[in-house]
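Keep the structure open and follow along.

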Amino acid sequence: MTHSASIHHDSIDAAALPVTPSDGNGNEATLRRQRIIDPSPCETECCLVQIYPPDVIEGMQLLEDDQFSIGRSPETDLPLFDSSVSRQHAMLIRSQDGYLVRDLGSTNGTFVNEKLIDSGCPLRSGDTIRIGSFLFRFLSAGCVETQYHETVYSAMTRDALTGTMNKRYLMEALNREIARSTRAQMEMSVVMVDIDHFKSINDTYGHLVGDEVLRTFGKRIGDICRSDDLLARYGGEEFCLLLAATGHDDAREMSERCRHAVADTPFDIAAGPLPITASFGFTVLNPGQPKTSSALLGAADQQLYEAKRSGRNRVCG
């Protein structure tokens with residue numbers, strides 16, 4: 001397969017981003033419980049930025065005390081009113097070498113960079129902290145302003161749970177790629193992907209396990225993708241692959257590789273090994289018969305429906 005065109009992830013000047021952007025879904029920032037500061041470099045600043053649930057952030061929460069508690073109780077320094085969070089869930093503690101995070105015997109555990117911690121875990125700038133279904137980024141002293149803008153840009157373009165691109169970015173990239181492929185008279189493919197029986201996973205094991213499945217799924221598909229492919233979370237358990245300079249046979253081959261990457265090895269989650277499968281539907285843009293982005297997505301979605309209808313864990317297109 002030859003790739004003479006690629007999807008260009010257009011750069012955005014992060015410093016020019018507004019402090020109160022919209023995420024396209026009408027969501028507003030939820031992290032307003034403590035002092036919100038204007039991002040400016042300071043050698044002693046340490047901050048938390050909420051990046052999931054996917055609300056675009058207004059500002060940063062400054063860590064000023066030697067101990068900073070997080071939990072469902074309104075008496076904590078950062079109350080998170082969600083059943084996935086224990087009343088006293090975790091504590092951030094300042095030490096001579098910086099901050100560390102300690103789990104306080106929570107029901108669902110505390111994770112740093114998606115690894116469960118069992119005692120005090122030192123934090124480095126850029127680390128993620130998962131508290132129940134909430135995800136935060138820890139920013140330490142020295143380069144707070146730069147990291148703040150990078151975090152806001154990431155929140156605007158990436159799905160925080162899976163690390164894939166979000167639907168808003170996908171739609172912008174798809175429109176660009178249709179125009180580029182039409183001008184260059186090249187084929188391109190769109191693949192819609194849906195995790196099979198995902199609702200039963202949530203119903204049986206709970207939403208935290210469902211989130212774990214989504215993260216692992218995104219990583220497995222992302223590991224298969226080529227450098228000029230674009231993987232985005234389209235919504236819920238549905239994902240979309242945008243394949244530049246890719247015709248029918250190569251799109252089918254790519255979809256089959258992704259299907260096997262999911263189905264051949266059970267997902268190693270907290271509940272134990274869990275078999276997961278996914279269904280794939282794809283369509284190809286004929287440059288001589290250009291289509292709109294909605295028409296392409298609709299055609300791929302129809303093929304996905306056919307894959308589901310005919311037994312799941314298969315590729316149609």
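Phe-111 has Arg-130 of β11 as its bridge partner. This is a predicted model, in which local features need pLDDT of at least 70 and side-chain atom pairs count only at pLDDT 80 or more, while totals for chains, interfaces and linings use all residues. Residues are numbered from 1 along each chain as its sequence is written, and side-chain values use heavy atoms, leaving out hydrogens and water. Helices (H or I, at least four residues) and strands (E, at least two) are DSSP runs, numbered from the N terminus.

Strands β8 and β11 pair (DSSP finds at least two bridges between paired strands) in the antiparallel sense, over three bridges. On to the next neighbor: β11 is joined to β12 (residues 134-139) by four bridges, and these two also run antiparallel. Here Arg-130 stands opposite Leu-135 in β12. The two strands make a hairpin with two residues between them, and Gly-132 in the turn has a positive phi of about 60 degrees.

Which residues of β11 are buried (under 20% relative accessible area; exposed is over 50%, partly exposed in between, with a 1.4 Å probe and protein chains only)? Thr-128 and Arg-130 are buried on one side, and Ile-129 and Ile-131 on the other, which leaves both faces of the strand covered. In a regular strand the side chains alternate between the two faces of the sheet.

Now for the two backbone spots. Glu-114, in the loop between β8 (110-112) and β9 (115-116), has a positive phi near 65 degrees without being a glycine. Ala-245, also not a glycine, has a positive phi of about 50 degrees and lies in the loop between β15 (238-244) and α5 (248-263). Glu-114 is partly exposed at 34% relative accessible area, whereas Ala-245 is buried at 11%.
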